Amino acid sequence: MFGNWLVDQQNRIPDMLQLKNAIEELESLRFIIESLPLQSAPSRRYVLALNWMTEPETITLELSQVASSLQFLEANEPLLSDIRSNLAQIKDIKGTLRNIKTGSTPDDIELFELKHFWLLADNIQYLLSGVEIKLINLPELEPVMRILDPEGSRIPTYYICDRYDEELAQLRKSCYNAHQLGNYNLEEQLREAALQREEVVRQHIGDQLHANYDSLRQAMDQLVRLDILLAKAILFRQWGFTNPELSEKEITDYQGLFNPLVKKSLEDKGGHFQPVDISFGHNPTIITGANMAGKTVLLRTVALSQFLVQFGFFVPATKAIISLVDHVMLSVGDKQSELQGLSSFGAEMVRINEIIQTIRSGKRVLALIDEPGRTTNPTEGLAIVKSIVELFEAKRVPGLITTHYNGIDFSCKKLRVKGFSGVPLPENISIRDLIHYLDYNLTDDTCESQPHEALRIAGILGVDNELLELAHQYVLEQERIKNHQIKSN
Amino acid sequence: MPFTSDILNYGSLSIVGVEKNTGKTECLNYIIRRLRDKGISIALTSIGVDGETCDQVTGTRKPEIEIFKPMLFVTSESHYRQRRFLAEILDVSGRTTALGRLITARALESGKVMLSGPSDTISLKKLIAELKTLGVKITLVDGALSRKSIGSPAITDAMILTTGAAWSANIPTLVRKTTFICDLIALPSINPDLRDRLLPVHSIHSIDEKGMVTNLQINSLFGIDQKEVDLFHHGYTLFVPGAVTDKLLNHLKVLKEASRIKLIVRDFTKIFASPEVYTQFIQRGGTIEVLIKTKLIALCINPSAPNGTVLNSERLREALKEKINLPVWDVRKLAG
């Protein structure tokens with residue numbers, strides 16, 4: 001059974017990724033996407049279809065556009081609410097656009113939708129006309145405007161008016177006259193003729209719109225793009241995101257990195273998020289540290305930032321240099337696989353195998369692995385960690401691997417979350433206040449001794465005294481044996 | 001002319017038939033013509049698909065309601081496409097019905113249209129407010145008394161009820177049944193503060209003397225007589241979001257606390273109890289109040305029934321006027 005699992009999983013190696021797939025993998029990414037203050041109805045659909053980018057040129061271009069949007073915000077604050085309220089009225093008319101593309105005859109409702117949309121485009125173009133920073137490129141609107149608004153009324157209502165067609169106008173007039181004269185048979189005949197003529201006119205309008213389909217499409221794409229750019233800029237300004245620099249030396253370096261989702265939930269409870277600095281290259285880094293020290297959050301946040309930048313977003317940090325990869329792969333205890341009937345160990349191994357297979361296929365992978373082998377015996381668990389590190393070193397994989405295993409003689413870079421070390425905790429501290437005494441900063445780990453904070457934290461959590469006392473005795477005993485061994489060597 | 005000047009005091013008016021063929025359409029057409037003659041800006045819609053027919057299945061029925069230039073009307077995409085007169089689209093709503101999105105349009109000539117409006121009360125209320133922003137003075141709503149409908153005509157400011165021989169061929173019976181409906185429409189409304197708190201509530205709640213609202217954690221009073229439920233732990237006022245049936249009232253009226261019980265219902269259309277059981281409950285001292293109340297301003301009668309029955313119009317009018325202190329009009333005399 002297990003063997004089959006691994007074979008099945010080969011197909012799960014990701015290829016072309018869209019944002020809608022990525023938000024399934026990372027809750028904090030979903031949080032950011034859902035927080036985007038988008039206005040127009042189709043914008044969300046466009047955002048979810050954003051493609052994962054790996055080319056530095058395309059990412060740089062997108063980021064520079066976002067940077068321009070921020071300048072636009074600063075320079076045009078008074079215009080902003082007008083522009084956004086026009087954007088908010090844009091409806092998703094993909095069905096209508098599709099019909100225009102195929103050349104089918106539009107009905108009055110579709111023509112109303114198009115006219116409504118085109119008038120909004122016209123408003124927005126007018127609002128942008130005096131602005132120096134060019135965020136979007138709208139097509140020339142006048143040709144389509146003449147088709148949808150032959151009377152030049154600029155009013156967002158629609159019907160097939162007399163101006164479209166002399167013959168239609170005549171038929172309607174005759175029909176009206178017949179009605180006034182009480183000649184109902186004639187009226188009915190003329191009405192039928194007028195309705196038929198209307199349909200001819202609609203077909204003609206449809207043909208003209210079909211010929212202008214590219215303009216319609218471009219206008220929709222560009223206005224949605226404007227909405228997305230403004231939404232990004234507003235969010236990034238509000239949350240203090242930064243425009244990352246793309247690394248040319250395979251180094252990723254964050255200063256003041258934070259996780260907006262965790263930050264918000266902490267702040268909702270009256271706490272605050274402590275940003276961290278972290279730097280790593282194209283080789284594995286081991287991260288150790290006490291329980292509750294935020295190691296898992298750190299992995300998720302690094303994943304989040306990598307996703308963000310390669311989907312064209314700024315990142316939650318004060319300063320960032322980021323090395324691009326082909327895939328971000330995270331292993332932090334996959335509930336889905338466990339639900340599919342695998343044990344937590346099984347699920348983890350399947351995920352790690354996916355990561356390794358992706359690496360073997362020649363892709364650049366940012367691998368973020370949370371406590372590999374934690375659910376099995378320490379001997380084999382430690383062996384698994386060591387093997388992963390060795391493999392990653394050989395393949396030059398940028399990877400962060402957290403672990404609790406002690407005294408590993410790794411040749412790779414080792415970091416430790418400072419945790420409680422050096423900070424005296426007051427008596428009777430509550431679990432709520434505990435986080436105020438945690439130092440989430442990373443420091444180079446000397447590997448001399450692992451911080452023994454698990455029992456201390458368990459004590460603060462109010463775990464049974466006798467249990468803790470026993471555990472403490474065992475720790476002392478183990479240390480005695482260890483020291484003895486060192487002496488006798 | 002009858003009752004049109006009174007209508008002008010209201011921003012929305014529903015015309016509701018107690019039964020098919022009681023003259024609702026004639027009544028509506030009459031009001032539309034009178035308002036047009038006065039130059040009043042009006043809009044027309046309905047609750048759901050024309051409440052009393054199932055023509056969305058057969059699609060055979062002809063549209064009946066006359067639209068004049070420059071009236072506004074709201075109907076579904078599908079019915080909008082079926083019209084044969086010229087109209088200008090003003091809005092395409094995000095709200096959809098079984099027949100597609102709702103279209104708000106202005107008639108550019110006269111014609112007839114099938115109506116299908118919002119199917120629930122809240123959407124109807126929003127629509128009426130939106131129409132007001134388009135300059136509409138009064139919105140007419142083709143309403144229905146239906147168990148199936150989740151939309152209630154009670155949301156309109158005022159109401160006209162149509163009744164007639166099609167409901168009962170016997171004048172005393174018809175008067176009794178019609179009076180009962182009028183009594184229900186006249187049920188008092190609760191204070192606005194409590195109303196606003198109960199409007200979003202969808203399960204049975206108890207309200208104590210201080211106005212505290214407590215969820216009784218029961219979904220339905222169906223089969224309440226079988227259950228060991230302490231309904232009155234928090235007080236004798238109960239909010240019942242769903243139907244008030246004979247079964248419920250029969251259960252309550254025999255309790256020793258019957259005289260202290262006050263039921264709060266959404267609006268009068270939620271009371272499905274028979275006149276007999278309702279009367280017994282009231283006689284035992286029970287009371288009923290509503291969240292949403294409309295003002296009945298007139299009755300319209302159709303003395304003819306499709307089966308050939310023709311009642312004496314004057315006798316019916318007099319009998320109704322005696323019971324219900326409101327104008328009563330014969331629909332056939334309105335037609336001209």
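The structure is a predicted model, and the contact draws 17 residues from chain B and 17 residues from chain A.

Nine residue pairs are in polar contact between chain B and chain A. The elements of chain B that give two or more residues to the side touching chain A are α4 (77-82), β5 (87-97) and β6 (100-107), and the largest share, six residues, comes from β5(B). By residue class, this side of chain B divides into nine nonpolar and eight charged residues, with no polar ones.

Charge pairing also contributes to the contact, as seven salt bridges are counted between chain B and chain A. In one of them R81(B) pairs with D107(A), the closest N and O atoms lying 2.4 Å apart; this pair crosses from helix α4 of chain B to the loop between α7 (94-102) and α8 (108-128) of chain A.

Over all chains the structure holds 49 salt bridges. Within chain B, D330(B) and R332(B) form a salt bridge in which the closest N and O atoms are 3.3 Å apart; D330(B) counts as buried at 3% relative accessibility, while R332(B) is partly exposed at 43%. Elsewhere, salt bridges with shared partners join D108(A), D162(A), R172(A), E198(A), E199(A), R202(A) and R83(B) into one network. In chain A, the side chains of E34(A) and R30(A) meet in a salt bridge with an N to O distance of 3.9 Å, and both residues lie in helix α3 (residues 27-35), four residues apart, or about one turn of the helix. An α-helix has 3.6 residues a turn, so residues three or four places apart point the same way. E34(A) itself is partly exposed, with a relative accessible area of 48%.

Helix α12 of chain A, spanning residues 213-239, contains 27 residues and reaches 39 Å from its first C-alpha to its last, close to the 39 Å expected at 1.5 Å a residue. Because 19 of its 27 residues are buried, α12(A) is largely enclosed by the rest of the structure. Just after this helix, G240(A) takes a positive phi of about 65°.

Chain B comprises eleven helices and 16 strands, and 55% of its 336 residues count as buried. Among contacts in chain B with a separation of 6 or more, 75% are between residues 24 or more positions apart.

Most residues other than glycine have a negative phi, and most peptide bonds are trans. Against this background, the peptide bond from K69(B) to P70(B) is cis, with omega near 0°, and P70(B) lies in the loop between β3 (65-67) and β4 (72-76) of chain B. A positive phi near 60° is found at N21(B), a partly exposed residue with a relative accessible area of 42%, in the loop between β1 (12-17) and α2 (24-37) of chain B. E371(A) likewise has a positive phi, near 40°, but counts as buried at 17% relative accessibility.

Notes
Residues numbered from 1 in each chain as written. Chains lettered and ligands numbered in written order. Predicted model: local features only at pLDDT ≥ 70, side-chain atom pairs only at ≥ 80, totals over all residues. Heavy atoms only, no water. Contact = heavy atoms within 4.5 Å. Salt bridge = Lys/Arg side-chain N within 4 Å of Asp/Glu carboxyl O. Polar contact = N/O pair within 3.5 Å; in protein donor to acceptor, adjacent residues only side chain to side chain. Nonpolar A, V, L, I, M, F, W, Y, C, P; charged D, E, K, R; others polar. Expected span 1.5 Å × (residues − 1). Buried < 20%, exposed > 50% of the residue type's maximum accessible area, 1.4 Å probe, protein only.
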